[in-house]
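Subject: Structure handover

Hello,

Here is the structure for you to look through. Please open it beside this email and follow along chain by chain.

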Amino acid sequence: MNLEILLSIAFGGAFLTYISGKISPRLRDFLAVLISLILTGFLGYLYGKTQQISYFSFLGIPLLLRINTLSWFFAIAIQVITTLSILFSLSYMRGKERLDFYYLMMLLVNAGMLGIVLAGDLLSFYIFWEIMSWSAFLLISYNRGAALEAGMKYIVMSIIGSICMLVAMISLYTNYSTLNISQISSQISSASSGYILFIVILLFVAFGIKNAVWPFHTWLPPAHSEAPSPFSAVLSGVLIKMGTFGFVLLMYVIAGLNIFLTLGRGSLHYVISLLAGITILIPTFIAIFQDDAKRLLAWSSISQVGYIIVGIAIGTSMGFAGGLFHFFNHAFFKALLFLCIGAVEYRVSTRDLNSLGGLIKKMPFIFFGTLVGVCGLIGVPLTNGFVSKWLIYKTLILNDYPFLAFVALLGTWGTILYSYKLLHNVFLGSLPTRFEKIQEAPVTMRIPVVILSLIILLFGILPGIPLKIVNSIAVSAGFPSLDVSIWGISSEKGTLNMVNIFTAVLISLVFMRLIFQMGEKRVRIPQEDSYAAGSYIPIDKYNYTLEFYQPLFRMIKPYFRDFVDVFYSKIVKAGRGLSDRTRKIYCGDLGYYVTYIVLFLAILIAIKLWGKVW
Amino acid sequence: MDKELKRRIEEIYKDTEVEFPEANRMVLKTKKENLLPILEFLKREGFRQLKAISCVDWIEEGEFELVYLLSSLNTPLHIMVKVRVGRESPEIETIMKIFENAQVYEREIHELFGVKFRGNPDLSPLFLENWQNLPPFRKDFDTREYVKEKFEQIPFVEEKK
Amino acid sequence: MVMKIIEFIISPLVAFIIGVFFLGLSRKIVARIHQRYGPPIIQPLLDVIKLFHQKGFSHGVLFDLGLILSLAGSIVVILFLPFAGICPLKSSGGLLVILYVMLFLPLGIALSGGEGANPNISIGISRKLILSLGYEVPFLLIILSVMSFYRTISIVDIVNSQGGFRWALFSPLFLSGIAYFMILPAMLGMRPFDIVSAPQEISTGPQVEYGGKYLGLSHIQHAFSIFITIALFVDLFLGGGENIFYFFLKMLVVFVSMVLIHSVFPRLRLEQALRYLWRWPTVLAFLGVIISQIVR
Amino acid sequence: MDRKSIVKWIKEPGKMGHKYSLWAVYFCTGCGIIEIPPVITARWDAERFGVIPVATPRQANLFMITGYVSLKTLKAIIRTYEQMPEPKYTVAFGSCPINGGMYWDSYNTIKHIDKYIPIDGWIAGCMPRPEAIFIAVTKLWMMIDKGKADGYIRYRKNYKFYRRNQEKLFGKLPWPPLYPIEEEENG
């Protein structure tokens, strides 16, 4: 019964909020926060419970809801991020138009996502998936203008994904005359591997588009940067991770671990990992040269998705745990970063990295939030990102994927470059005089930032708390259990002990602080008193933000640009040669993507026709 | 070639004196109004380089003499175009339209001699700090008097109060 | 337990002494190559003592914090590095943690410098990060080849399996070893890769605003980073050291050869440095990974 | 000298440190800077005394004013001097900073540098030989030892006076006072 109540609250609450907004905006704000808090509490109560219920019957197909550790793990992340984003929206969205609609959509997205992770059969999965996709589209295009274009790009690609999913679903239903996930997974093991591969690839496209795996990532950067910041946090934090949930469901629940690892003569999971490796590398280097803070974060989201997929697809218990844990961490630190940038944008009404600077003096709170988020993103020890990345690297190294490991590690160094650029260009450097009157972000913006920062640090020092849940998911997916304790992971080839590291860092910090104290007292000076070769600094001109990594840009620009150009022009050429008509129907930029994906599907169908090859 | 140039200049600009004080050196003395056309003409002839602008204070005659030094990359000839302006309110048209690098030279001459260049957008001081006296390169500026006035009245620390 | 605590205290101390000694030694060697007499060998220590007695200028909280963070990171790395049988943090994550804690070093300096609000600092840091991206490419390949050759991520195991004279430099990993040697000057910020703190162009880059104890601490940090980089090389490729003397001797040989390179080469531009780092060391390290996969 | 006396190092490390690690700010004012390259390179090797040139005033504690000082340079000198951390020592180099030298009647050159910033030592000559720099350094050691190299203390004490002198030349200075001026009046 619980699940039905949960979803009814989620959906009913959304509409209730909309109606209450017509009465009083204050009531609406209150209700939106209240409903998301109730849902969070509810989910907390559901921890560790397993149940499956049938709530409706559609054309004789029973629609199911179920909860297990996997669903709960995703659901709690979704709910926490959405709650904090809604809290953040209270002041961020104040004074904007169509707010009833905004909150309705926000809660609908939330409800849709909850529905997806709680769905027990593919039909309800599909229905909730569509609810989520369409309300996300409406939210992305909330600001109109460029946002509408971004939303169009998103929804076109989304529809293609949905079609793939629908095809796979119908195929499954005609073969097994059931849509219940657990029933399918028990029956599918007897199917031919060619058929499984067909289903897996179709669903891979569907989830890959949502998850922005290279080469399906093109919708993501504009969508993330044009959406309202609180929703960007949800979008990047959890919404694209519905694809990850789909992957986990597909690989380890529907197909099952043993079948998945042998698909395509055991090469499929390697191909997926390679795709994920590309997803790590290329977006990282594109992110370095972005000038829009949110677009930078968007590219960074794509590359982080690569880590998640690489961990999940590699098919070992440590990698699986690392991937899932990285999903969880990424949800928190990326939401934190988007919220922080949103707070900056709220105060200075720009997010152009070339025109900001020195905001640490005015918004120290938000700065430290961003710092924690960036540390998590890089994976600095003592933040949660470190633990999950450590797990992924270790898997890659010890399972003989040195080049994937290299790509992952190199991606981290690229991450340092762009995240330092983000920190430096927004918060460090000298403060322009036009920002003299900027104030710290309002309280409703600071609360989510603090909560998220604390979560990141807590799970960084005591990673055992979420790792235990992740481990039980891994065990239920058929992996051998990991030796997880509250402070880390132990195994014979290198253990991780965060408490040791924490103590060492703490002691050395205190020690260095004491040595620092030993020196002569320091003098605090204002930023104007800076070395300028003997002259007084030219106010507002003494800053270096434009083209921050120019020498690197000069170095890798030919490769970097050529690669993307060649990639797209080849696709366009192929599209022109093979199906001119499609190109005429969908002209313009979007058309190319569509053509490209349709072509891909055609190839898949061709594979299906000659499926006996396998 | 030099003679040819001299002939043409004298033909076009009637009241211009052309002399050759030494080899490869040509001096043109002209009027204020002729300066821009002559410079333009010379630039067309290939004297594309403005090397410097200098100024001479002829205090007895009550005039400043502005000297524009031109040279060419094709011939070894150097040309000095000399123009005189009155000392009372020295003012002349800028040549920035022809030679853009004249901006800094003109700024310097304005600072040190007080000659005003019409049309030069930036004539702020280059070298001097907090200058309130006559421009220092004028002949009627007494530098010793100025030093006495400006520097010697500043006390040493030992003389404090 | 008492031994453990002594180890915790002794290893940063040894690192400090060796690092400062190396700094002095490098100044002396460079002077002798210039046919000068050179400063006394303890001159860096005198400098640090002086700097701690000068009034420093602080630009804000992060200005202090970043530097302290960077130094704390160095100390943590030293605690992870086994030398002469001392390794206080043996079983807490291994080489991967070292790789990651080494992030603290440039990041801390970068944060501290960013608060300094000086474009020279920003340019220096931008160069530093790009250069580190340059040498990380071969460096990561080298580390990966070592880790996958010995099938462990624990640095103590790697050192132990090189016991006797089975140094990794004389094993199939020799290409990786050579590659590491080739990128050492870049990691140490020595010439020809001192574009980061070029005093004549950007006034020592990240250190522009450091005075007094800040500069002293940043010198100590430099000493630590010399120790870390060379000790890592000795641990990974020269079989660590049975006792402190052997370890020191190995480090000395590596460092002196670095200083000889340092004293005769001019400075490379950033593009030239990247082109160098991404060519020969990377090719060698790449081959090293392949060999380590085949031979293992 | 007493560089190797360990007892002194333990007793007063600060003073010894300042003595034997004089870092000179690399600031060229006039012709005297020509003498500096031989001093710091192989011919005379100042590094054996612990004297090295550093890039920014923040890192330095020795300021050598090398040669004549024009008004614009003086502004930069004051700025540089104020940015150096305490304790700091200044040495004026050549006859021009002492009394103007051959520029005694120039309209744009400072005659007495010590009217605007405090000077600890003078090296006379036009130009002094590089050896004179070493004599100055050893003299400076003695002065630091006896506590006579107190230019920075004098500057702090008479800051109002110095600032007034500076403003007589430049008008209002663009940067705020280094030390609070009002407090000094009371105390």
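In what order do the elements of chain C run from the N terminus on? They run α-α-β-α-α-α-α-α-α-α-α-α-α-α. Helices (DSSP runs of H or I, at least four residues) and strands (DSSP runs of E, at least two) are numbered from the N terminus.

Some ground rules. This is a predicted model: local features need pLDDT of at least 70, side-chain atom pairs count only at pLDDT 80 or more, and totals for chains, interfaces and linings use all residues. Residues are numbered from 1 along each chain as its sequence is written, while chains are lettered from A and ligands numbered from 1 in the order in which they are written.

**Chain C**

Chain C has 13 helices and one strand. Its radius of gyration (taken over C-alpha atoms) is 19 Å, close to the 19 Å that the globule rule gives for 296 residues, so chain C is as compact as a globular protein of that length. That rule is 2.2 Å times the number of residues to the power 0.38. The C-alpha trace of chain C spans about 55 × 50 × 40 Å along its principal axes.

Of the 296 residues in chain C, 68% are buried. A residue is buried if 20 or more other C-beta atoms lie within 10 Å of its own, exposed if 12 or fewer, and partly exposed in between; the C-beta atoms are placed from the backbone. Now the contacts (C-beta atoms, placed from the backbone, within 7 Å). Take those in chain C with a separation of 6 or more: 81% of them join residues 24 or more positions apart.

**Where chain C meets chain A**

Four pairs of chains touch, and chains A and C have the most contacts among them. Here 63 residues of chain C are in contact with 62 residues of chain A. Several elements of chain C each supply at least two residues to this side, including strand E1 (57–58), helix H3 (61–80) and helix H6 (119–150). H6(C) gives the most, with 14 residues. By class, the side of chain C that touches chain A has 34 nonpolar, 21 polar and eight charged residues. Ala, Val, Leu, Ile, Met, Phe, Trp, Tyr, Cys and Pro count as nonpolar, Asp, Glu, Lys and Arg as charged, and the others, Gly among them, as polar.

A strand pairing links these two chains as well. Strand E6 (residues 523–524) of chain A pairs with E1(C) in the parallel sense over two bridges. Strands pair if DSSP finds at least two bridges between them. A:Arg524 has C:Ser58 as its bridge partner in E1(C).

**Chain A**

The mean pLDDT (the predictor's confidence in each residue, from 0 to 100) of chain A is 81, and 92% of its residues reach 70 or more. Confidence in chain A is lowest in helix H23 (residues 580–585), at a mean of 51. It is highest in helix H16 (residues 364–378), at 88.

Look also at A:Ile76, in helix H3 (residues 69–92) of chain A. A:Ile76 has 20 C-beta neighbours inside 10 Å, so it counts as buried. A:Ile76 and A:Leu220 are 144 residues apart in sequence and 24 Å apart in space, C-alpha to C-alpha.

**Chain B**

Chain B has an open sheet of five strands, in the order E1-E2-E5-E4-E3, with mixed pairing. Its edge strands are E1 (17–19) and E3 (49–58), and each pairs on one side only. Strand E4 (residues 63–71) and strand E5 (residues 78–86) of chain B pair in the antiparallel sense over nine bridges. B:Glu63 stands opposite B:Gly86 in E5(B).

Which chains does chain B not touch? No contact joins chain A and chain B, whose closest C-alpha atoms lie 13 Å apart. Chain B and chain C do not touch either; their nearest C-alpha atoms are 25 Å apart.

**Chain D**

Strand E4 (residues 89–93) of chain D has five of its five residues buried, so it is largely enclosed by the rest of the structure. D:Tyr89, D:Val91 and D:Phe93 point one way from E4(D), and D:Thr90 and D:Ala92 the other way. Strand E3 (residues 62–66) of chain D pairs with E4(D) in the parallel sense over five bridges. There, D:Thr66 has D:Phe93 as its bridge partner.

Best wishes

Methods: Contact = placed C-beta atoms within 7 Å.
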